[in-house]
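Work through the exercises below with the sequence and the 3D view open. Try each task before you read its solution.

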Amino acid sequence: MDLIGIFSLAGNALISPMTVGYILCGIGLALHFGYTGLLNFGQAAFAALGGYGFAIATLDFHWNIWGSILFGLICSMGFAAILGIPTLRLRADYLAIVTIAAAQALRFYVGSSTAEPITGGSAGVSQFGEEFYNLNPLPADLTFNLGTVTLTSSEVWMRIVAWVVVGIAVFFLYALTRSPWGRVLKGIREDEDAVRALGKNVFSYKLQALVIGGSIASLGGMIFVMSSQTNQPSNWGTNFTFITWTILLLGGAATLLGPVLGGMIFFALMTLIESALGILVDAGLLPFLQVEQVAQIRFLLVGLILMLLVIFRPQGFLGNKKEIQFNG
Amino acid sequence: MSQLAAKSRTRAGALLGAIAILFSILLGASPAMAQAHTADDPSTYAFTIAGTLQEKDVPIPGVTITASQDAKSFQTKSDEFGEWTIMVPTDGHWKVTLDTTTIPKEFHLATKDGAIGEADLTQTDFAAVLFKFGSAAPVQAQSIWEQLVIRVFAGFNFGLMLAIAAIGITLIYGTTGLNNFAHGEMVTLGAMIMWLGYSFLHLNIVVAGLLAVLAAMAFGWFQDAAIWRPLRKRRLGLNQMMIVSIGFGIVSRYVLLLFFGGDTKDMSGGQTIITLGPIFTSNTTLISMAISVVALIGVALFLTRTRIGKATRAVSDNASLAASTGIDVEKIIRIVWLVAAALTGLAGVLYGLQFQANWSVGFDLLLLLFAAVTLGGLGTALGAAVGALIIGMVVEVSTIWMPSELKYVSALLILIVILVVRPQGVLGKKQRIG
Amino acid sequence: MANEISIGAAAPGCKKVDPILIADKVVRQFGGLTAVSVDHVEIPRGKITALIGPNGAGKTTFFNLLTGFDKPNSGTWTFDGKNLAGVAPYKVARRGMIRTFQLTKALSLLTVIDNMRLGAQNQVGEGFFASFVRPLWKAQENQITASADTLLTRFKLDAKREDYAGSLSGGQRKLLEMARALMGKPKLVMLDEPMAGVNPALTQSLLEHIKDLKSNGTTVLFVEHDMHMVRHISDWVIVMAEGKVVAEGPPADVMKDQAVIDAYLGAHADTDLGTVEIKSIKAGI
Ligand SMILES: Nc1ncnc2c1ncn2[C@@H]1O[C@H](COP(=O)(O)OP(=O)(O)OP(=O)(O)O)[C@@H](O)[C@H]1O
Ligand SMILES: [Mg+2]
């Protein structure tokens, strides 16, 4: 592969719907963790519910696109409530264990043959995006060249919509976190007992944060599955959540644009590294690696970046050193 | 001031160095292993085809499944849960066939040509293939009591094995406050080294087991020395440490994958079936249960009878108080890591021998371990053991009423329910406010 | 001994002329240890009441129980005539009973002024939907900021207005926490060792401030080990030991009470506690 080809791929990764899916989950997580201090390790479940809710409403209920989006949002809000009401009273580290457990339980369930009539079991659901692509106002023969990568009209449409949603989410977060409402969240992040003693209903604020952050993540999930029109349980494993955490911490957890920047950097970097490794392996310079193992290196790097960030730069790229601390 | 900064910089440098060394050791060792594989090692492939064979929720083990495309073909066997996974090197369409001669007599395919399926890997790197079983032939009915006895026995076995790993988690949590999300990888390491020694190098089973436990101990000691101790010195917050452990867990997991490959390691062989009333079991299972019980009694004696054990409990109770009475807290923590890693590695060995294991087995068990520890009340060894036995029972007994593919779900739901009803766990105590 | 606060003579658990808080049979046990076992106690309205007692007497635990942060094994209490037992901590604060913590809880990564703003009650902008519509809450926000600034000046924290609370010294955090509690305009403010670690020069001005609170009609209940301060500003003193109320009364009388001296110094001392403290403070200086 030539250099232009590699950079074209990386450029595409910067803006791809998958990147946007993760970015939106990261924005939701910024609200959860960066602003409220909730250790949510089940973000994959919120995204999954967005994807499944949308697909099921479209395919099984034959709802239109808006109804389907609404249904996806309601699914994730319902999940946030079911999960949050019992657990938000618990200590922060318990929440981490419960959310990761709930997300895994949900994934096992939707992938099981018990749930197969609704969710398609481990094969998942597909072909639910017709209406979305029919809304495309761009000429059908339009193409867009990103170096060697050529985007079709519907791919361009998908990316435009995805980034508009990111813009709205960032603005939404901006308005929220500059308000007294956001101030209460930050107070809770610092010390929830102190905020309680000042007469704020801490539980209600945490639940609001969980629901809203989860809803943003479920929009991310919808965009994530819309580009390929397939939604499978294997998309929503713990690695999805861990990557979301990595991009959040990369950009800066309590910053507005942190998840956006973090997501773009992360996926562009991963593409570059994978291509570079692929070339090195092909050239026989890394005799101990096989081409097929290169994809596994990606996850190894996720873990490594996550560790190093928390140890050496917990505030991320955009954060100010003082602004982010974990309420530990 | 600048001296201080320089000092913290060198410390950061040392930490980075330690991490770098860790990876170079792990990765550096892997070429030898990778070359031991044939050039076409399936475990390194990027695409996965998987599924579960079952009839009326009863898993079907031991069926040979073949995935083929053009001239390439790969084989595997379904495990005791009826689950199977085949890693394949390329995308596109794969033909997946069951070897009907390997299907146990009591199970029947729904249709004659139902033994052939297709996996579509054009869009994704994962595809599930479903084979429908189910027939008019009556399944031999077991009474609910017989089922209960069988499941309780299985739950006890599974619970005992969880218990030794859970005590490992709880000892570390008790003395350092760390919720170690990388704990499962010590289970995996134990299982993989056991496979390497016993099934690959054909060592004596006891020697292989000891090697596996020693490897886990070395890993435990090493990660404490290279990561956790420096981080404790830097006074990193506990939640931050937890996230670091998540990262470290991912890294360890994928290093294990690169090293050992993604296939399930079969360590069976040399078992004799033993019948106890309605229960079919094997000598492996019974010996493994005995080992677990001995290990549990050993830990109990260690914690209550030895000086170091008592010091460990003192550190768990109140580290600064313990330090002021002259206990070397760091030394205790080091010992705790060794003991915890040994127990956890042993759990991996026992799990691998009984249920087979792959690179992610530890992570799959991790949530059950957390469930067990939380159930018992974080930080108490007895609680962890009790919690683990309960979780083991729940997982197994729930399969009487629920499809076995959902058995972990029931355990995780129990965890959530317990946290709601009694956040401090069954044996835990509440924290002080203000 | 007659006084204008209690009905009849001062005695442990005596009735008050105008109580704001009445607690009955409040018991809290930790395992075998009975940390609090208060049979009956009343806090007089509009007065400054000191709650004293040796370390581990159960004062903080009693605060935790009254404000809903901890649950008693048994017991009831009323505030302003309304039941307050089993009420969530945030509702307790909304009813006008606001506390501070012995182990200071400054919100480290909020600025000092944001800490203060957070203390104000009934903020429109704290509602989720309203928070999007700035005009709805902007005026109130300005008003809150103005009163926060007044308090900051009073507590000598105005220079730190824009700093992160985490950068304050231990004493400054105590001050901030107290000022923040006052932002909620409490009817009863409960201060757990407000003066611990505060510079003596500032103590004087804070004492004045607490007295001002009283003249504005706020009731003050505070825990303090500094007998000088207790004697100086309190109208009424309640003494706890081993979870029980062992004595109460006007400060001068309580300091001479044998039960109090026993509780603090053991059975052999027969000195006036107030003078002991003052002497030791002087010796310290
Ligand atoms: N959560 C808890 N668990 C166990 N024991 C507790 C707990 N909280 C308080 N105690 C015990 O209850 C007793 C009373 O404690 P408390 O903090 O109320 O004392 P205090 O009067 O505020 O003391 P000080 O003047 O030192 O602040 C102590 O013996 C303490 O050890
Ligand atoms: Mg106290």
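**Exercise 1. Describe the contact of chain A and chain C.**

Start with the residues. Chain A brings 31 residues to the contact, and chain C brings 31 residues. Contact means heavy atoms within 4.5 Å.

Before going on, note the ground rules. The model is predicted, so local features need pLDDT of at least 70 and side-chain atom pairs pLDDT 80 or more, while totals for chains, interfaces and linings use all residues. Residues are numbered from 1 along each chain as its sequence is written, chains are lettered from A and ligands numbered from 1 in the order in which they are written, and side-chain values use heavy atoms, without hydrogens and water.

Next, the area. About 2700 Å² is buried between chain A and chain C, and carbon and sulfur atoms give 65% of it. Buried area is the accessible area (1.4 Å probe) that two parts lose on being put together, summed over both.

**Exercise 2. Find a salt bridge across this interface.**

Apply the rule: a side-chain nitrogen of Lys or Arg within 4 Å of a carboxyl oxygen of Asp or Glu. Between chain A and chain C the count is four salt bridges. One of them pairs A:Arg183 with C:Asp114, at 4.0 Å from N to O.

Now see which helices (DSSP runs of H or I, at least four residues, numbered from the N terminus) take part. Helix 8 (153-177), helix 9 (180-190), helix 10 (192-197) and helix 11 (202-226) of chain A each supply at least two residues of the side that touches chain C. Helix 9 of chain A gives the most, with eight residues.

**Exercise 3. Is strand 7 of chain C buried or exposed?**

Strands are DSSP runs of E, at least two residues. Buried means under 20% relative accessible area (1.4 Å probe, protein chains only). In strand 7 (residues 188-192) of chain C, five of five residues are buried.

Check the faces. In a regular strand the side chains alternate between the two faces of the sheet. C:Leu188, C:Met190 and C:Asp192 lie on one side, C:Val189 and C:Leu191 on the other, and all are buried.

Then find the neighbours. Two strands pair if DSSP finds at least two bridges between them. Strand 6 (residues 97-99) of chain C runs parallel to strand 7, with three bridges. Here C:Ile98 has C:Val189 as its bridge partner. Strand 8 (residues 219-223) of chain C also runs parallel to strand 7, with five bridges. C:Met190 stands opposite C:Leu221 in strand 8.

Notes
Buried < 20%, exposed > 50% of the residue type's maximum accessible area, 1.4 Å probe, protein only.
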